[in-house]
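Thanks for making the time, everyone.

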Amino acid sequence: MTTAATGESVVVTLSTFADAKDAYRSRELRQSLYDEGEVVMADVLVNLHGTEHRDRRRVENRMFRREVFERYERDLFPQVTADTLAPYVAAGHVDLVHLGHELMLNLAALTAGIDRPEGTAAETARLHAHMMRFIEGATLAHATGDKAAKAAEVARALEEWDAEFLAPSIARRREMLDAGVEPPRDVLATLLRHADELELPHHVVRREVAFYLLAGAHTSATAFVRTVDHMLGWFAEHPDRTDAWADPLFVQRCVHETVRLNPSSPVGMRRALAPVALRSGTTIPEGATVVIDLQAVNRDVTLFGADAAAFDPDRTVPAGVAPFGLSFAAGMHVCIGQDLAAGVVARSGADAGDTSGTHLFGLVTGAVGQLFAAGVRPDPDHPPERDASTARPYWGTYPVLLGGGS
């Protein structure tokens, strides 16, 4: 733990697993990671606190249930992935960054409740362009360049997206509800069904649905690309294990290990609403900003071993510690879509060789497995490049080859 004074504010940085977990569970520490991204993130679930957060999460949890996850993982998404991959397999190459966003946008649109009645590539491209603007808004704190100009662009994108996509999607679901027809199991329909209970104005519904669109697409897409990158590197170092991708439990472990090493945000942030004393004895004064250093927390050698900074899909962790560390947070703000994206952590031995169809592997696991089945491999003539538009460690482009051949 380190403490620093910046002007009149105090910044407390937590770098141990125990302190971070305590902080996530404290009701006196309020989410503040997205304070600069309020153009998209103001009043959305992840930014709420106390009873407001409890009431909205209670409503939205009614959608995020196991049977819904099972339908996505087993019935819907495998075919979506196959259809999305098909033209790229035929072409023999693809950019993983583009593919990841295309794949996960299809999922996120279903989950959020954004319809695409035209069903055309042009319509999906327009939705994708809006989503990328939303991502810029949410991560504005890490952006390079003119942040005010970017915030204005994001605000315009929200208005345009609302007119083309959100308003018609709302109208369709309201017609279903008024006619007594069961609407889709998505976030938008859930909010509309409980509109009287939540009393959300339209601009909050807009941002909430936009948040689910960007979070479902972007964080899963980022995990998808990074997992493939780690697996390609690991297989190059373990040529005797190159067929391990055929085991979905192995792929799921790769996803979890990737998420541990590369959380969607390298830090968590909280603001102290009152003085807080953690169980370690660390004290946090009222008004302080708390920075949870997830890169350090998730690489704690006392929990993850001396090689905690390395990618090891065969890693074992102590009881009570998730293989992905605290990348999905903990406490009241634990990621609501965690099981949908990354599946349920397999019980030691109990889920090995699962053939009963009861284990949830997660949609990222399924997509990665299908990509390896399609023969993904590095493109020796076009190495990947980092994204220079943000301080976050994202890939800007990641060309790969697909299909047979050398």
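Predicted model: local features only at pLDDT ≥ 70, side-chain atom pairs only at ≥ 80, totals over all residues.

Let me start with a question: is Ala329 buried or exposed? Ala329 is buried, at a relative accessible area of 18%, where buried means under 20% relative accessible area, exposed means over 50% and partly exposed lies in between, with a 1.4 Å probe and protein chains only.

Residues are numbered from 1 along each chain as its sequence is written, and side-chain values use heavy atoms, with hydrogens and water left out.

Back to Ala329, which sits in the loop between α13 (301-304) and α14 (338-342); here helices are DSSP runs of H or I with at least four residues, strands are runs of E with at least two, and both are numbered from the N terminus. Ala329 is not a glycine, and yet its phi is positive, at about 65 degrees. As background, most residues other than glycine have a negative phi. Glu199 is another non-glycine residue with a positive phi, of about 55 degrees, and it is found in the loop between α9 and α10. Glu199 counts as exposed, because its relative accessibility is 66%.

Now to the strands, where two strands are said to pair if DSSP finds at least two bridges between them. Strand β8 (residues 289-293) pairs with strand β2 (residues 9-14) in the parallel sense, over 4 bridges, and within that pairing Leu14 stands opposite Ile292 of β8. With strand β5 (residues 267-272), by contrast, β8 pairs in the antiparallel sense over 5 bridges. There, Arg271 faces Thr289, and Met269 has Val291 as its bridge partner. β5 is also joined to strand β3 (residues 29-31), by 3 bridges and in antiparallel fashion, with Arg30 opposite Arg271.

In the loop between α11 (248-261) and β5 we find Pro266, which counts as buried because its relative accessible area is 19%. Pro266 and Gln295 are 29 residues apart in sequence, while their C-alpha atoms are 5.9 Å apart in space.

There is also an open sheet of 3 strands, in the order β4-β12-β9 and with antiparallel pairing. β4 (93-95) and β9 (377-378) are its edges, and each has a single partner strand, so one side of each is left without a neighbour in the sheet. β9 and strand β12 (residues 399-401) are joined by 2 bridges, and Arg377 has Leu401 as its bridge partner in β12.

That brings me to the helices. α5 lies across β4 and β12 and runs at about 75 degrees to β4; axes are lines fitted to C-alpha atoms, for helices over the stretch in contact, with angles from 0 to 180 degrees between N-to-C directions, and contact means heavy atoms within 4.5 Å. The axes of helix α4 (residues 66-91) and helix α5 (residues 96-112) come within 10 Å and cross at roughly 145 degrees. On the α4 side, the residues that meet α5 include Tyr72, Phe77 and Thr81, and among their counterparts in α5 are His98, Leu103 and Leu107. By class, this contact has 11 nonpolar, 5 polar and 1 charged residues, with Ala, Val, Leu, Ile, Met, Phe, Trp, Tyr, Cys and Pro taken as nonpolar, Asp, Glu, Lys and Arg as charged, and the others, Gly among them, as polar.

How accessible is Thr81, and what does it touch? Thr81 counts as buried, because its relative accessibility is 0%, and it touches Leu103, Ala367 and Gln370, leaving aside residues up to four places away in sequence. Its C-alpha atom is separated by 9.5 Å from that of Leu107, which is 26 residues away along the chain.

Finally, helix α3 (residues 50-60) has His53, Arg56, Arg57, Val59 and Glu60 as its buried residues. They lie on the same side of α3, because they cover an arc of only 155 degrees around the axis, the arc being that of the directions from the helix axis to the C-beta atoms. These buried residues pack against α8 (187-193), α9 (195-198) and α10 (202-237).
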